[in-house]
There are 2 protein chains.
Amino acid sequence: MATVPPAHLTPRKRPRQARATVTVDAIFEATIQVLLADGPNRLTTTRVAQRAGVSVGTMYQYFPHKQALLYALNERYLEIVAEKVERACEAQHGASIGQMVDALVGAYWEAKTVRSDVTRALYRSAVELDTESLIEAFGRRVDAATAAMLASAADADFADPSVVNTTLLTAIFGAVRSVFERNLPSALGGEVRGQLVVMCRSYLEAVKKEPERAAPGGPATANRTVIDDAG
Amino acid sequence: MATVPPAHLTPRKRPRQARATVTVDAIFEATIQVLLADGPNRLTTTRVAQRAGVSVGTMYQYFPHKQALLYALNERYLEIVAEKVERACEAQHGASIGQMVDALVGAYWEAKTVRSDVTRALYRSAVELDTESLIEAFGRRVDAATAAMLASAADADFADPSVVNTTLLTAIFGAVRSVFERNLPSALGGEVRGQLVVMCRSYLEAVKKEPERAAPGGPATANRTVIDDAG
DNA sequence: ACCTGAACACCGTTCAAGT
DNA sequence: ACCTGAACACCGTTCAAGT
């Protein structure tokens with residue numbers, strides 16, 4: 001169903017005893033700390049192990065290599081974000097598209113902002129091709145949640161719901177990342193967040209099918225032309 | 001005026017003789033090739049030097065360290081993108097906001113897509129804090145170009161042009177990056193591109209000041225509430 | 001079952017020597 | 001002015017030995 005993570009990135013073994021769980025948690029915590037304090041370039045296995053209070057060898061019992069560690073860290077993080085978004089979407093079933101957009105942007109923004117330092121550190125830790133499968137899985141999961149939500153909207157109906165949904169998410173994911181990446185001052189960030197809601201709302205209004213009277217001119221056609229192109 | 005790049009990332013010296021220029025170009029070219037073929041993790045100085053047909057020592061004459069090399073590569077690339085966007089914006093002065101959005105999204109999308117493999121490789125090569133200054137400078141430059149363009153619009157006027165402009169760019173930059181990152185099939189990517197235009201257009205329509213009659217209800221208020229919050 | 005840390009291969013960076 | 005490549009410090013990863 002969902003994409004299986006590449007085998008070489010899977011943890012070598014799962015902790016079975018209590019002290020092992022403690023060890024693994026300590027390693028995760030240490031990784032975040034080193035990432036924040038020293039940046040991804042100075043994130044060395046020895047440094048992480050030292051900070052976690054274990055030997056390198058111990059680390060390699062659970063993670064086959066450094067990349068697997070960062071992979072697991074991102075996985076853990078995306079799991080939390082995905083859950084929050086899913087919950088927010090479920091809570092909006094049957095609501096208006098305006099409320100849906102509010103809730104969706106709000107939940108995603110909030111999830112990324114609670115620990116904005118961690119978010120930024122993780123955005124940068126994502127080296128090498130292999131996070132693609134993670135991000136894809138995350139994207140598909142959120143796609144499903146928002147698609148179901150939009151399909152239940154009380155006040156709108158879309159000609160090509162899947163494209164509309166993907167566009168919406170692409171814009172939201174991207175805008176949020178862009179704010180982090182450009183390191184906008186938080187006041188400006190807040191304004192952009194509000195404007196992002198306005199943007200998504202007006203987009204959905206523009207592409208929704210008119211309920212009664214067909215309006216051949218006007219903004220609704222902008223939608224049709226695009227969809228037609230793709231056949 | 002613009003942010004000065006961090007001193008430690010500046011090339012050590014500029015090529016003076018013809019053969020030196022050839023050397024530097026070869027190094028850049030080799031870097032891209034290694035990046036594409038082996039990924040950022042296997043991008044080693046020796047490998048780049050070998051592919052460029054020079055010794056490591058030579059590389060270090062022009063770039064104080066590996067990061068400086070990647071920094072210069074990104075710089076070179078963003079320079080090209082910025083120029084294309086600037087030209088597109090200038091060409092639209094006095095046009096309608098609809099045309100502006102078309103041209104802006106078109107130019108940016110095109111610039112990123114001509115060599116989508118290079119674009120993706122560079123998105124991933126941007127490790128460590130130090131690309132922030134590059135991205136900031138790039139952002140400010142494009143900000144200026146689009147702000148001037150929007151200010152000249154024949155059919156619209158905005159209460160807070162700077163926030164509107166930042167939001168627009170944040171969404172466009174982000175959406176494009178998101179498409180690359182999620183590795184959407186190019187057909188779907190094309191559809192998203194078209195929808196992105198629709199989204200930006202309807203956003204600008206929603207936040208523009210009404211020319212004559214003040215409409216206290218309706219979509220225009222969504223704009224006002226947000227701006228007011230930020231005081 | 002879990003942990004240790006010396007040992008090995010490899011990478012980033014330097015610098016004395018060459019044209 | 002530009003180029004070379006052996007040399008050094010450090011990092012990722014392993015594995016024999018310990019509890």
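View 1. Of the atoms of DNA strand C that lie within 4 Å of the protein, 74% are part of sugar or phosphate, and the rest belong to bases. The model is predicted: local features need pLDDT of at least 70, side-chain atom pairs count only at pLDDT 80 or more, and totals for chains, interfaces and linings use all residues. Residues are numbered from 1 along each chain as its sequence is written, chains are lettered from A in the order in which they are written, and side-chain values use heavy atoms, without hydrogens and water.

**View 2. The protein surface near DNA strand C.** A residue is near the strand if one of its heavy atoms lies within 4 Å of it. Among the 22 residues around DNA strand C, those that come nearest are Gln17(A), Thr23(A), Ser55(A), Thr45(B) and Tyr60(B). Helix α3(A) gives the most to this surface, with four residues. Helices here are DSSP runs (H or I, at least four residues), numbered from the N terminus.

**View 3. Polar contacts with phosphate oxygens of DNA strand C.** A polar contact is a pair of N or O atoms within 3.5 Å. Ser55(A) has a polar backbone atom 2.8 Å from a phosphate oxygen, and for Tyr62(A) a side-chain N or O atom is 3.0 Å from one.

**View 4. Helix α6 of chain A.** This helix, residues 116-125, is mostly covered, with seven of its 10 residues buried (under 20% relative accessible area, 1.4 Å probe, protein chains only). Val118(A), Leu122(A) and Tyr123(A) are among the buried residues.

Terms used:
A polar contact is a pair of N or O atoms within 3.5 Å; within protein, one must be able to donate a hydrogen and the other to accept it, and residues adjacent in sequence count only if both atoms are side-chain atoms. Helices (H or I, at least four residues) and strands (E, at least two) are DSSP runs, numbered from the N terminus. Buried means under 20% relative accessible area, exposed over 50%, partly exposed in between (1.4 Å probe, protein chains only).
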